[in-house]
Amino acid sequence: MRNRIIVIVAIMAVLGLSFWGIKGMLNKAKEEADRPQDNPTDTLKNDGEVIVVTIDSHEKLFKSTANVNDFDNRPTSGSGIELEIVYRDEEENEIKKKYAIEDSQLKEDYLKYHTDVVGYSESSYEEEGVYLSFDNESINQEYKLVVPEEFKGRKVLYLSFVNDIDDNLVEIEYPASCSSISIARCTNLKKLSFGKNARYININQCRQLTDVSEITSQDCVSIGNTFNKIPLEKYNIPDSILAIRGSFCDLENTTEINLSNNILMIKDSFNNSQKLTKIDIPDSVSAIWNSFNNCGDLTLIVGEGTVGEKYAKENELNYEYRK
């Protein structure tokens, strides 16, 4: 009798555990079904409309990639980029160096001594902040991207894309904190805005981009490998810019570009742009290399006895004297 009671109790215990186990599994399954899914595309299904993607509404699309100090090519702080210019002083017949940010006499030295630029390099300081990576592969419709000013309490300095080619991005808005702007091969991008701290700028092969912010950062002293193969009609290059290299080429629709009044060097730029008709080359320019090629009826506006006039004559380019 005692053994029967033990067996019955054991069977009831097993049945009870099975019941509670099954109930627990069912509750867990229900919780999983009710929980929001990790796939960000579930929140982006508004077919036929341009959605606005921000960090508040779609945080899972953004992630911090690293501290900016882990990168070799990082944005700058303090006085910004220092442009080290190496030149030959004809009066003293020796090679010298100047820093565009630190030395206010740079332009006067060039104009006074008619020096020849030998080359230049950029040096920078570290700046505390984060790089963001954006999961654009998760978006399958047209969207506007608003880059956040901060990510988890730290300034956003730069944004990279998981996929380099993006057919759905139509507009991107960078915050003032972003000091580095890099966009390429966004086939439907029409508008790009950035703030006053943008000093590294790389924009290429966006063939519908017609609306781009003008550079306003006084720390942006050079333009390199940017503004190529984009359909801007007009662009103003600010007076902070001292050097242009590998930029403003293959511009199908551009009719007007206004150069910086303080520009010193132009290299591998303004090539293959058939609709450009006139560019004023400031007297401050000390060196031009491989530029203004295959530009149809382009006429350079130059001053008498300047590097601009010399370059136009040597390369058989159309030119006229500034009035």
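Q: What makes Gly308, Glu309, Tyr311 and Ala312 count as buried in helix α3?
A: In this predicted model, α3 spans residues 307–314, and Gly308, Glu309, Tyr311 and Ala312 are buried there. Buried means under 20% relative accessible area.

Q: Why are the buried residues of α3 said to line one face of the helix?
A: Look down the axis of α3. The buried residues fall within an arc of 165°, so they line one face. The face turned away from that buried side carries Lys310 and Glu314, which are exposed. For exposed, the cut-off is over 50%.

Q: What covers the buried residues of α3?
A: The cover includes β21 (287–289), β22 (299–302) and β23 (318–321). Just after α3, glutamate 316 takes a positive phi of about 55°.

Q: Why are β15 and β21 said to stand at the edges of the sheet?
A: The open sheet has 4 strands in the order β15-β17-β19-β21, with parallel pairing. β15 (222–224) and β21 each have a single partner strand, so one side of each is left without a neighbour in the sheet. The twist averages 5° from one strand to the next.

Q: How do you know that β19 and β21 pair?
A: Pairing takes at least two bridges. Strand β19 (residues 265–267) is joined to β21 by 3 bridges, so the two strands pair. They run parallel. Methionine 265 stands opposite alanine 287 in β21.

Q: Which residues touch the most other members of the largest nonpolar core?
A: They are Leu145, Ile172, Tyr174, Phe194 and Phe292, in a core of 62 residues. Apart from it lies another core, of 5 residues, including Met265 and Ala287.

Key. Residues are numbered from 1 along each chain as its sequence is written. This is a predicted model: local features need pLDDT of at least 70, side-chain atom pairs count only at pLDDT 80 or more; totals for chains, interfaces and linings use all residues. Side-chain values use heavy atoms; hydrogens and water are left out. A nonpolar core is a set of buried Ala, Val, Leu, Ile, Met, Phe, Trp, Tyr and Cys residues joined through side-chain atoms within 4.5 Å. Buried means under 20% relative accessible area, exposed over 50%, partly exposed in between (1.4 Å probe, protein chains only). The arc is that of the directions from the helix axis to the C-beta atoms. Contact means heavy atoms within 4.5 Å. Axes are lines fitted to C-alpha atoms, for helices over the stretch in contact, and angles run from 0 to 180 degrees between N-to-C directions.
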